[in-house]
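Biologist: I would like to learn how to read features of a protein model. Could we go through some of them one at a time?

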Amino acid sequence: MPITITDPTDARLRDFVGLTDVKLRRVLEPAGGLYLAESEKVIRRALAAGHRPRALLMGERWLTDLADVVAQAEADGVPVYTGTAEIIEGITGYNLHRGALASMHRPAVPSVESVLDGARRVLIIEDVVDHTNVGAIFRSAAALGTDAVLVTPRCADPLYRRAIRVSMGTVFQVPWTRIDPWPAGIADLRAAGWTVAALALADDAVSLDELSAEPPERLALVLGTEGDGLARRTLGHVDVTVTIPMAGGVDSLNVAAAGAVAAWELRVRD
């Protein structure tokens, strides 16, 4: 330990191969029960959350910066691989600026009931396919007091490398799971005492100010896709549609920005 790699086609590195091929990784990682954590901060947050590494790959200087992580990996029998920047780029397909990658065992997806136990504020991400936006929503959720996040079946994977990196590892600290079926699952939320609100433009929408003035005890706020917004069938299931008052002739915000504004305004204040 560590193991110096000189051949980027080494079969032991299969977890790390072709990281720029998004279509491949979307299939490979969940099917293989793994995800990739990139950068020292993200790796440490994953480990602090109790997630278990399968293997580590890092540049030589990071062997010192992550010496404690390397030592624990060695004690646990987890392989640590190192190599030149050129070799690592040959494996992953890009220049690893942040110096370190960890292939992690993907945790079991919890039930919706367990994730919502004790929660009062929840964000639901409907069909958002951009990993950057998913990661940014999780970061805002962690920072602004959201208790949990639910993602719909067609939403991008919160444990995809870019989503994790943009979230700064907060995807490991905010409880989350997939809600399926959708939008039929809204009925289950309402039966459990949740008020479900949709953030969307609609003629009958109430303003965010109005909703926050008398907020429900348990509120789930649905955020829609980047281009088309929320599906019409979703709007037919929710209790209320809410919109953020705008100025300057602007009618909408990026989904991550809108989620942050709403999360702050609707936060529990007692």
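**Reading the features**

Modeller: Start with Ser39, which is found in the loop between β2 (34–38) and α2 (40–48). The labels come from DSSP runs numbered from the N terminus: a helix is a run of H or I of at least four residues, a strand a run of E of at least two. This is a predicted model, in which local features need pLDDT of at least 70 and side-chain atom pairs count only at pLDDT 80 or more, while totals for chains, interfaces and linings use all residues. Residues are numbered from 1 along each chain as its sequence is written, and side-chain values use heavy atoms, without hydrogens and water.

Biologist: What is the phi of Ser39?

Modeller: Most residues other than glycine have a negative phi. Ser39 is not a glycine, yet its phi is positive, about 95°. Another such residue is Met168, with a positive phi near 60°. Met168 sits in the loop between α8 (161–166) and β8.

Biologist: Which peptide bonds are cis?

Modeller: Most peptide bonds are trans. Here, a cis bond joins Asp180 and Pro181, with omega about 5°. The bond from Trp182 to Pro183 is also cis, with omega near 5°. Pro181 lies in the loop between β8 (176–178) and α9 (185–191), and Pro183 lies in the loop between β8 and α9 too.

Biologist: What joins the side chains of Asp10 and Arg12?

Modeller: A polar contact of 2.8 Å. The term means a pair of N or O atoms within 3.5 Å; within protein, one must be able to donate a hydrogen and the other to accept it, and residues adjacent in sequence count only if both atoms are side-chain atoms. Asp10 is in the loop between β1 (3–4) and α1 (22–32), and it is buried because its relative accessible area is 18%.

Biologist: How many cavities of 30 Å³ or more does a search find?

Modeller: A cavity is a set of points, on a 1 Å grid over the protein atoms alone, where a 1.4 Å probe fits but cannot get out; lining residues have an atom within 4 Å of a point. Points are joined across faces, edges and corners, and the volume is the space filled by probe spheres set on them. The search of the whole structure finds 1, and the largest cavity holds about 80 Å³ of space. Its lining includes Arg121, Leu144, Leu219 and Ala262. At least two lining residues come from each of β6 (121–125), β11 (219–223) and α12; β6 gives the most, with 3 residues.

Biologist: Where does Leu253 lie?

Modeller: In the loop between β12 (240–243) and α12 (255–265). Leu253 counts as partly exposed because its relative accessibility is 37%.

Notes:
Buried means under 20% relative accessible area, exposed over 50%, partly exposed in between (1.4 Å probe, protein chains only). On a 1 Å grid over the protein atoms alone, a cavity is a set of points where a 1.4 Å probe fits but cannot get out, and a pocket is an open set with protein on both sides within 12 Å along at least five of seven lines; lining residues have an atom within 4 Å of a point.
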